[in-house]
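Visitor: Please take one part of this model and go through it closely. I would like to know how the pieces of the chain are held against each other, with the numbers.

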Amino acid sequence: MTATLRTYWLEHAWLGTHVEPGVTLDVTDGRIAAVRTGTPAPPPGAEILRGLTLPGLANAHSHAFHRALRSTVQVGSGTFWTWREVMYATADRLTPDRYHALARAVYAEMALAGITTVGEFHYVHHAPGGTPYADPNAMGEALLAAAAEAGIRITLLDAAYLSSGFGRPPTAHQLRFSDGDAESWAARSSLLKDRDHARIGAAVHSVRAVPAEQLSTVARWAEERRAPLHVHLSEQTAENDACREAHGCTPAQLLALHGVLGPRTTGVHNTHLTAEDVSLIGGSGTGTCMCPTTERDLADGIGPAAALQNEGSPLSLGSDSHAVVDLFEEARAMELNERLRTRTRGHWTAAALLRAATVDGHAALGWDDTGVIEAGARADLTTVALDSVRTVGPLPRLGAETAVFAATAADVRHTVVAGRHVVRDGAHTLVPDVPGALARAIRELRA
Ligand SMILES: [Zn+2]
C-alpha cells in the first residue's frame with residue numbers, strides 16, 4: 001500500500017520562532033513527512049499557499065449553540081446572570097437534529113476562521129425535562145458528526161452538570177443537562193469513543209454544578225483515560241462567594257482538594273483568583289483557557305493570565321459564546337486587556353500569543369502532535385492573506401505581528417486539516433453556503 005503524498009508550497013511559514021520564506025511540506029497520510037526550507041519557488045505539482053501559513057488554530061472553548069444568541073443579547077443591559085436566562089431559552093429548543101445542523105454551520109464558520117480543532121464543552125445531554133434520548137449520547141454524537149462534516153477536529157468535553165448551586169437541585173431549564181449523579185455521567189460518557197477526527201474528554205461544568213463529593217469521580221474518569229478535563233473556574237465573583245459560604249474555600253482550592261487540578265486539566269476563564277489560587281493552578285500545571293471576547297461581552301472581568309503563566313499555567317484561547325469567532329481577536333485581546341490594566345505594553349510577543357492559539361491550545365485538548373509545522377506533526381495549516389486591506393504593508397518577516405495585531409478571521413485564505421483543503425481561497429469546500437446554513441439553523445431555534 002502506498003501512502004498518498006501531497007506537496008504544499010508555503011510562500012511564508014511561521015515556524016514557531018520566526019517567519020521563513022519559501023517552505024515546502026511533504027504530507028503523507030495526513031501528517032507532515034518533511035519540511036524543506038530554502039525553496040523560493042513552488043515545486044511542480046505543489047499546492048500553493050500564498051500568504052503566511054500558521055499551524056492550524058485551536059479554539060479551546062466552545063458552546064456551539066451560543067452562536068444562536070449572537071447580537072440578540074446585545075440589546076439592553078444586564079449581567080452574566082440575565083444573559084444566562086436568554087441562553088437557557090435557546091437551549092430549551094435544541095434537539096439532536098437541530099443541534100447537528102447548527103453545530104455543522106458553526107464549525108464551518110470556525111474552519112473559515114482558520115480553526116482546525118474545536119474544544120466543545122458540552123452539557124445539553126438529554127431531552128427537555130431530563131429524559132434520555134434513545135441513544136443517551138444523541139446530542140454528543142450530533143456534535144461529533146457536525147465536526148466531521150465541517151472538516152475540523154473536535155475534542156468533545158462531556159460536562160457533568162448535576163446541580164444549580166451548592167446543595168441545590170437543577171432548575172427546570174437545567175434538568176436536561178443532568179445525569180443525576182457523577183456515576184451516571186461516567187457511565188454515559190464512557191459510551192463515547194475517540195475516532196480519527198475526535199477525542200473524548202471530560203468537564204466539570206463548574207463547582208456550582210457538581211457537588212464536591214462527586215468531583216473526584218469525574219477527575220478519576222479523565223485520569224483513567226489520560227483525557228483532557230476542563231472546568232469553568234471563578235468566572236464570576238458570585239461563584240466564589242457561594243463556594244466560600246458552602247465550603248469555606250475558593251473554587252480553585254475545592255478543585256485541588258478533590259483531585260481536579262493537574263497538567264491535563266484546564267481552567268476556563270480563571271478570572272477572579274486569589275494569589276494563592278494562582279499558585280495552586282500554576283504549580284499544579286493546570287492550564288488556563290482565556291476567552292477574552294466573551295469575558296468582555298459578559299462583563300466578567302480580566303483574569304490574571306500573565307501571572308498564571310508565570311506560575312506555570314499554559315495558556316490557550318477560546319471563543320466560548322461566539323459573540324465573534326476570531327482567534328486573532330482572542331489572542332490580541334489577551335495582550336490588549338493587560339495593557340489597559342497595567343498601562344504598559346508587551347506582556348506577550350506575537351509568537352507567544354500564536355503558541356497559545358496553536359500548539360498549547362491543541363495540547364489543552366489532548367492533541368499533542370498538532371499545532372506545529374514540523375516533520376511528524378499532523379498536517380493542519382491556516383494561511384493568512386498578507387495582501388488584504390488590513391494586512392498589506394508590513395514586511396513579511398513581521399507576519400506573526402500582522403496576523404495577531406491586524407488580521408481578522410476574514411483574512412484566512414486557506415484551512416488545511418490532515419492534509420485536506422477544508423477552506424480554499426476563502427470558500428469552504430465541504431459546506432457550500434455557510435451563511436445560509438447558519439441562517440437556517442438559527443431560524444429553527446428562534447421560531
Ligand atoms: Zn463556557
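This is a predicted model: local features need pLDDT of at least 70, side-chain atom pairs count only at pLDDT 80 or more; totals for chains, interfaces and linings use all residues.

Guide: Between domain 1 and domain 2 the count is one salt bridge. Domain 1 is made of two stretches, 5-55 and 370-428, while domain 2 runs over 57-364. Their C-alpha centres are 29 Å apart. To the contact, domain 1 gives 32 residues and domain 2 gives 29 residues.

The size of an interface is often expressed as the accessible area lost when the parts come together. Here the buried area is about 2,300 Å², and carbon and sulfur atoms account for 65% of it. On the domain 1 side, Val404, Phe405 and His428 provide 25% of the area buried against domain 2, more than any other three residues.

As for charges, side chains of opposite charge can pair when their charged atoms come close. Aspartate 380 and arginine 153 form a salt bridge through their side chains, at 2.7 Å from N to O. Another of them joins the side chains of aspartate 369 and arginine 31, at 3.0 Å from N to O. That pair links distant parts of the chain, 338 residues apart: aspartate 369 is in the loop between α13 (359-364) and β13 (381-384), and arginine 31 is in strand β3 (residues 31-36).

Helix packing can be followed from helix α2 (residues 96-112). Two packed helices are described by the angle between their axes and the distance between the axes. With helix α3 (residues 138-150), α2 makes an angle of about 35°, the axes being 8 Å apart. The crossing of α2 over α3 is right-handed. Residues of α2 in this contact include Tyr99, Ala103, Tyr107 and Ala111, and those of α3 include Met139, Ala142, Leu143 and Ala146. By class, this contact holds 14 nonpolar, one polar and two charged residues.

Against helix α15 (residues 434-446), α2 packs at about 145° with the axes 9 Å apart, and the crossing is left-handed. Among the residues in contact are Leu102, Ala105, Val106 and Glu109 from α2, and Val434, Leu438, Ile442 and Glu444 from α15. The classes here are twelve nonpolar, no polar and four charged residues.

Key. Residues are numbered from 1 along each chain as its sequence is written. Side-chain values use heavy atoms; hydrogens and water are left out. Axes are lines fitted to C-alpha atoms, for helices over the stretch in contact, and angles run from 0 to 180 degrees between N-to-C directions. Helices (H or I, at least four residues) and strands (E, at least two) are DSSP runs, numbered from the N terminus. A crossing is left-handed if the near helix is turned anticlockwise from the far one by less than a right angle, and right-handed if clockwise. Contact means heavy atoms within 4.5 Å. Ala, Val, Leu, Ile, Met, Phe, Trp, Tyr, Cys and Pro count as nonpolar, Asp, Glu, Lys and Arg as charged, and the others, Gly among them, as polar. Domain bounds come from an automatic or database domain assignment. Buried area is the accessible area (1.4 Å probe) that two parts lose on being put together, summed over both. A salt bridge is a side-chain nitrogen of Lys or Arg within 4 Å of a carboxyl oxygen of Asp or Glu.
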